[in-house]
Amino acid sequence: MKPGIALLASEVAPLSKTGGLADVAGALTQCLHAAGHDTRLFTPLYGAIDRWRFAPQPLEGLQRIALQVGPHHYEFSVARTLLPDGGAPVYLIDCPALYDRPTLYTADPDEHLRFLAFTRAALLTCQRMGWAPRILHCNDWHTAFGPLFLKTHLQREPLFARTRSVLTIHNIGYQGIFDARAIADLELGSRTHLLHQEDLRAGRINPLRQGILYADALTTVSPTHAQEICTAEYGMGLQDSLRMRQDVLTGILNGVDYAVWDPRTDRHLPKHFDPDRLQVKTDLKRAFLDRMGFRVPVTTALAGIVSRLAAQKGIDLMFGTLPRVLSARDLALVVLGTGDAPYERFFAELAGQFPGRVVFQQAYDDELAHWIEAASDLFLMPSRYEPCGLNQMYSLRYGTVPVVRRTGGLADSVEHYDRATGRGTGIVFNDFDPPALEWALNSALDLYAEPAEWRRMMHNGMTRDFSWGRQAEKYVEVYQRLAG
Ligand code: ADP
Ligand code: GLC
């Protein structure tokens, strides 16, 4: 029999989403489920989850369960729903006191408790169901205490005797650090020596580091990033712990859920296209320019950005570069994103400076994200670091040429276009500095002015295959290695 897999994720598309983790948690679960694994995905029942659309069903015997997290007392219930497009089961941890907040993540003082409680509640739910997963697959800092809890709280629980843990690092920039004075919240009793002592001495507890130290296997979301995070440049202070565990660390590139992100079937688009129907892409671009209030002809190159506006995404490189390139070249820009105030201000000012040529939507809007992928000619992702990145892979499918920095998953999914051979799928630059981005943008616009070259590059990208199937197999290999 295939081993049971419990996946824990703090966000899951299409129920709750702030970024790529949600896409990955949803799609990987679907793939494993479709391959016949007994896969159960656990996630918090946030206030924002659409109860009407997803109709979570309360589970009998799993209502009003008392949960103690150190000195804090909670009560949670479990509801179940099925992921649309495939029917994998999702177990929702319902605890309004913790998850009914205006946003998925908060800066509230109990943020660490929200996710410690979630991790504990998920494990307790497995116990109550009498269901022993062979694999406990945790994701990012939110659930990174799962592996240590298996080895401590659940050490004597026969149900979990054969359970092995995997931690996937989607974003090493977020570690969930909290004050060591809250140590009692971990309920480690006399086993606090299992915490990273240097962190403790510095007065902090770092959930992501604890996961790195105790998971039976570690993965991150691209092969290049698996190397990068072991270095001081990309390790965000965790490189030493990662190097210690490098023998169990693998990089597995994320896949794309083509049921959601494919111009042949995209449910947000009124018309569909593929490499043989590129006129439709131009029609969509025309309609989009019109709808968004652009005042440029359809021949003007349109660049798109869909992003969390965070330091990770390399927006700083655009400060000087974009005004210069927009002044010099025939370029229009659409930006969809929210995040840090300086970046929001920058794009708002840019739109004011180039009316009719730059449009900034300060919003989170799934439909618009699909339209931007479909209507744009190029897609900008000059990230400082990018564990995988999904939008560049979506862009490839939509014939929207990615302009990316050679880092992490961007390096593993976009190949720099070479005129001499006609090979390559995008524009890739190396250095994290403004001249490099400016070079990349100008190179892209030069190629755009040569329709035959541009079409070739588009075609190369549109015919690449990043589907989940093969990638999910690589997770299964990791699970099988652990399950023996
Ligand atoms: P990250 O997880 O670092 O944010 P990824 O590229 O892996 O980066 O994934 C981002 C996901 O979030 C994509 O599916 C993208 O379309 C989506 N996204 C980001 N910002 C927005 C937004 N403002 N509106 C709609 N979708 C967004
Ligand atoms: C993260 C990363 C992104 C990755 C996503 C899903 O948030 O920033 O690069 O694609 O997780 O793994």
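This is a predicted model: local features need pLDDT of at least 70, side-chain atom pairs count only at pLDDT 80 or more; totals for chains, interfaces and linings use all residues.
**Entry 1: around ligand 2**

I then sorted the shell by residue type.

Next I checked distances to oxygen atoms of ligand 2. For H170, a side-chain N or O atom is 2.7 Å from an oxygen atom of the ligand. For N254, the distance from a side-chain N or O atom to a ligand oxygen is 2.9 Å. C388 uses its backbone instead: an N or O atom there lies 3.0 Å from an oxygen atom of ligand 2. I also asked how much of ligand 2 the protein buries. Taken alone, the ligand exposes 310 Å², and the protein buries 94% of that.

**Entry 2: α16 against α17**

I moved on to two helices. Helix α16 covers residues 434-448, and helix α17 covers residues 451-462. They pack at an angle of about 110 degrees, and their axes are 6 Å apart. Angles of 65 to 115 degrees count as roughly perpendicular, so α16 is roughly perpendicular to α17. Which residues make the contact? From α16 I noted A444, L447 and Y448. From α17 I noted P451, E453, W454 and M457. By type, the contact has six nonpolar residues, no polar ones and one charged.

Note on methods
Residues are numbered from 1 along each chain as its sequence is written. Chains are lettered from A and ligands numbered from 1 in the order in which they are written. Side-chain values use heavy atoms; hydrogens and water are left out. Axes are lines fitted to C-alpha atoms, for helices over the stretch in contact, and angles run from 0 to 180 degrees between N-to-C directions. Helices (H or I, at least four residues) and strands (E, at least two) are DSSP runs, numbered from the N terminus. Angles under 35 degrees count as roughly parallel, over 145 as roughly antiparallel, 65 to 115 as roughly perpendicular and the rest as oblique. Contact means heavy atoms within 4.5 Å. Ala, Val, Leu, Ile, Met, Phe, Trp, Tyr, Cys and Pro count as nonpolar, Asp, Glu, Lys and Arg as charged, and the others, Gly among them, as polar. A polar contact is a pair of N or O atoms within 3.5 Å; within protein, one must be able to donate a hydrogen and the other to accept it, and residues adjacent in sequence count only if both atoms are side-chain atoms. Accessible areas come from the Shrake-Rupley method with a 1.4 Å probe; for residues, only the protein chains shown count as cover.
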